[in-house]
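Let's take a walk through this structure together. We'll begin with one residue and then step back to look at the whole chain.

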Amino acid sequence: MEYKRSSELFSAAKKVIPGGVNSPVRAFSAVGGDPLFMKEAKGAYLFDEDGNKYIDYINSWGPLILGHAFEPVVSAVVEKAKKGTSFGTPTEIETSIAELAVSMVPNIDKIRFVNSGTEATMSAVRLARGFKNREKIIKFAGCYHGHSDSFLIQAGSGAVTFGTPNSPGVTAGTAKDTLLANFNDLGSVENLLKKNQGEIACIILEPIAGNMGCIPPKKGFLEGLRELCDQYDVLLIFDEVMTGFRLAKGGAQELTGVDADIVCFGKVIGGGLPVGAFAARHEIMDYLAPTGPVYQAGTLSGNPLAMAAGLAMLQELDKSPEIYKSLAEKTEYLHKGISKVLTRNNVVHTINRIGSMISVHFAEAEVMDFKSAAHGNNETFRKFFHGLLENGIYIAPSAFETWFISEALSYEDLDATIVAVDKVSKGF
Ligand code: KE4
């Protein structure tokens, strides 16, 4: 494939944007080579600036669960833009999407919209600290909750991919209030709760981890966390930026049956525009300004344009819950097909999957936490990534990411992907 135009654009971008990108993981640093510049996208396909076409398994890192340029979302945004994009005042559409989200997701009475997943999780932790009047939080090694200081302590996603688990610029004062536990390891959580009795405001996690590749919770893990939170009077925050409205209408809470105290959203809730949100039952959310003392704000929070995209997306998912069954079936089909050809080609691998999230790990042992995720063979992953790219398949440029299946993917697209995996892996 020819990537001349993308390389030219990358050179120009690097002169005025750090690393030529506005988010590090896009820079291909973990897999080498220059990132591709996309010109447009439709349905399951991306088209780069050199005219190459790709079957897309990133879907903007999750938001485009119904595929690119989904017509109801596009027309909602176009119509809304004609009436103005943001007023800095309350608007009816914010109430409409809030009412719909509250009706779709268990255990939430109120929701506050922000502009990114990072804002959602950062605000949720501040709310938990304010509500409980405690300073410490527990997070899990390898879980990524965005780039606010309290979380860049062995973060997953981009930070781990760069091999810099602790980011410069995060103060010791901040880091001391973030305690690290191991995913799928209840003992590591209980130890921290015992050692810091009365000091911990919340536990935050991705209920299904997506930033170490896809790592589902072991049976009993989330249930055990719920019990520990009740026992130690600590709030349980589900970071559902990835899983929210993706794994089910009600996200991971619906899929697992485990209740969170605060739920964070991003990606799908914005339909491809910048929207994040956090939500909880009345008594917690009413602790937020202007009704309560915990301050949180945003110029473009709830802006009509982003709300129009998000509302159109949620309305589509709400009226056709069969989409989730179709997505899960497509993801299972892809899983079985990829595993069959990798096994036939004697490639050591393990595949994790839940709902429409899947990840391929070039490791023998089961990948069930950050440590086991880090054992994957990165050299093999690099060959896998570039080989698939050469064959028109676009997966995440990092072994610590998840593939996001969209409903726009056809079984022909899945078969083409399996054929490409077979062709690429013969040379491993
Ligand atoms: P944003 O601030 O990027 O909207 O959301 C942060 C975030 C929070 N929580 C979870 C579970 C997330 O996965 C994310 C962001 N995900 C990454 C991909 N793994 C976004 C891609 C990027 O950083 O460019």
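Helices here are DSSP runs of H or I with at least four residues, strands are E runs of at least two, and both are numbered from the N terminus. This is a predicted model, where local features need pLDDT of at least 70, side-chain atom pairs count only at pLDDT 80 or more, and totals for chains, interfaces and linings use all residues. Residues are numbered from 1 along each chain as its sequence is written, and side-chain values use heavy atoms, with hydrogens and water left out.

Start at helix α15, which covers residues 411-425 and holds Asp 422. With a relative accessible area of 13%, Asp 422 is buried (that is, under 20%; exposed is over 50% and partly exposed lies in between, using a 1.4 Å probe and protein chains only). Leaving aside residues up to four places away in sequence, Asp 422 touches Val 341, Arg 344 and Asn 345, where a contact means heavy atoms within 4.5 Å.

Now zoom out. The protein chain has 15 helices and 14 strands. Its radius of gyration is 21 Å, close to the 22 Å from the globule rule for 428 residues, so the chain is as compact as a globular protein of that length. That radius is taken over C-alpha atoms, and the rule is 2.2 Å times the number of residues to the power 0.38. Along the principal axes, the C-alpha atoms fill a box of roughly 55 × 55 × 45 Å.
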